Amino acid sequence: MIKIPKEKIIQKIQENTELSEDEITSKINEKLKQLSGLISEEGAAHIVANQLGVNVLEQTGRLQIENVVPGMRQVDIFGKIVRVYDVREFEKQDRKGKVGSFVIGDETGMIRVVCWNDKTDIIDELKQDMLIKIEAGYARENRNRRKEIHISNQGSIILDPKDAEEIDISVKNRRKKISELKDNEDNVEILGTIVQAFDPRFFEVCPECGKRARMKEGAYQCEVHNEVEPNYSYVLNLFVDDGSENIRVVLWRNQIQGLLQKKHEELIEMKDSSFEEIKNDLLGQIVKFEGRTSRNEMFDRLEFIARYVHLNPDPEEELKKIKEQNKQEKESNKTKSEDQEEEEKIVINEDKKDDLSKEDVMSLEDLEEL
Ligand SMILES: [Zn+2]
């Protein structure tokens, strides 16, 4: 079932008929009443659109990322490469294969593209900022309810699309102020100062599958692999403040290694010792995080799940981003005080002495998502 939000359907009907938004809404409500309880609002909107002869699935012009909806088949879309992940092999039950992914962006957003088996071969050739076209992909929702485009047998990736001459795609600015973050945003970037750090928490995992291993009857047990000699994973929480707001940032194994500049073995050795000194050193550090937001239901708060940690962000680059961000804000009629701009510049300059070093790592969690 293709999920298109009611608002989108109404918009489509408006574009293709003489009806006003109110008239369309009342038609949808009528339909809902008629079929009381048997149909969702989206379903009713679909029926109304059909009865009016409006094809809500019809594509006019180039498909943009924000308009990709889970369930779509034959997705043809242009995008610029934002990030490429490593290809990995997997073995699941009796299925063996390869999976790889990358992220593309356009002016409306970003989306992860997942390639299966032979379709992963091309991933080696992908470079950041390259314009590509995807043909005959299909869209689905992953288990974190985020949209993805998958490419298996029928689909393909075109590296040098012939029909792209007039297309000038500029990827939407991913930098956000913490105060602007919303639920379920992916591929966003924040830059801020660490204002609080907590002790890392270590826990036992199965060395085979990375899932949690729990002590049962005197031995560690994995749900799938039974008794195992456990490995360790860890999680660390920080509070990061960027002047607009602060947020809890959650880091997993790979991101913690990046943040603390320590190898897995070193961290395991430290697992029973004090982290006071390390925590102290973190305070006041300016760090850039890429990742996604997630609503913590238990505490009803927004958290930032880090996927990449950039220590010592390059001040020149960051200044440019802030300028771009300000420009975008002005364009959307939001103004901002001079003082605030000044403040941001000062924050960046403090870090000028350091060179840019990047830690690009994919988390366990990401692997599990695939
Ligand atoms: Zn296991």
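**Basis.** I note that this is a predicted model, in which local features need pLDDT of at least 70 and side-chain atom pairs count only at pLDDT 80 or more, while totals for chains, interfaces and linings use all residues. Residues are numbered from 1 along each chain as its sequence is written, and side-chain values use heavy atoms, with hydrogens and water left out.

**Overall.** I found nine helices and 17 strands in the protein chain, where helices (H or I, at least four residues) and strands (E, at least two) are DSSP runs numbered from the N terminus. Of its 370 residues, 45% count as buried; buried means under 20% relative accessible area, exposed over 50%, and partly exposed in between, with a 1.4 Å probe and protein chains only. Among contacts (heavy atoms within 4.5 Å) with a separation of 6 or more, 64% join residues 24 or more positions apart.

**Salt bridges.** The count comes to 15 salt bridges.

I then looked at Arg146, which forms a salt bridge with Asp186, the closest N and O atoms being 2.8 Å apart. Because Arg146 sits in the loop between S5 and strand S6 (147–151), and Asp186 in the loop between strand S7 (156–158) and strand S8 (188–197), the pair ties together parts that are 40 residues apart in sequence. Arg146 is buried, with a relative accessible area of 7%, whereas Asp186 is partly exposed at 25%. A network of salt bridges links Arg146, Asp186 and Arg307.

I also noted the salt bridge of Asp300 with Arg295, whose closest N and O atoms are 3.5 Å apart; Asp300 is exposed at 55% relative accessibility, and Arg295 is partly exposed at 29%.

**Zinc site.** Which protein atoms are the donors of the zinc ion? They are Cys206 (SG), Cys209 (SG), Cys222 (SG) and His225 (ND1), lying 2.1 to 2.3 Å from the ion; donors are N, O and S atoms within 2.8 Å of the metal (3.2 Å for Na, K and Ca), and water is not among the atoms, so sites may look incomplete. The four donor atoms subtend angles of 106 to 114°, which makes the arrangement tetrahedral, a term used for four donors if all angles lie between 85 and 135 degrees. Along the chain the donors follow the spacing C-x2-C-x12-C-x2-H. Cys206, in the loop between strand S9 (201–205) and strand S10 (214–216), and Cys222, in strand S11 (residues 219–222), link distant parts of the chain, 16 residues apart. Cys206 is buried at 1% relative accessibility, and Cys222 is buried at 4%.

**Nonpolar cores.** I next asked which residues of the largest nonpolar core touch the most other members. Of its 35 residues, these are Ile77, Phe102, Ile104, Ile132, Ile134 and Ile149; such a core is a set of buried Ala, Val, Leu, Ile, Met, Phe, Trp, Tyr and Cys residues joined through side-chain atoms within 4.5 Å. The largest share of this core, four residues, comes from H3. Domain 1 (6–51) and domain 2 (65–164), with bounds from an automatic or database domain assignment, both give residues to the core, so it lies between them. Leaving aside neighbours within four places in sequence, Ile149 is in contact with residues including Val68, Ile77, Ile111, Ile134 and Tyr138. Another core, of 30 residues, lies apart from this one and has Leu260, Leu282, Phe304 and Val309 among its members.

**Backbone.** Most residues other than glycine have a negative phi. I noted a positive phi of about 75° at Asp129, which is placed in the loop between S4 and S5 and is exposed at 53%. Ala136 has a positive phi of about 55°, but lies in strand S5 and is buried at 19%.

Methods. A salt bridge is a side-chain nitrogen of Lys or Arg within 4 Å of a carboxyl oxygen of Asp or Glu. Four donors count as tetrahedral if all angles lie between 85 and 135 degrees; four count as square planar and six as octahedral if opposite donors are over 155 degrees apart and all others between 65 and 115; anything else is irregular.
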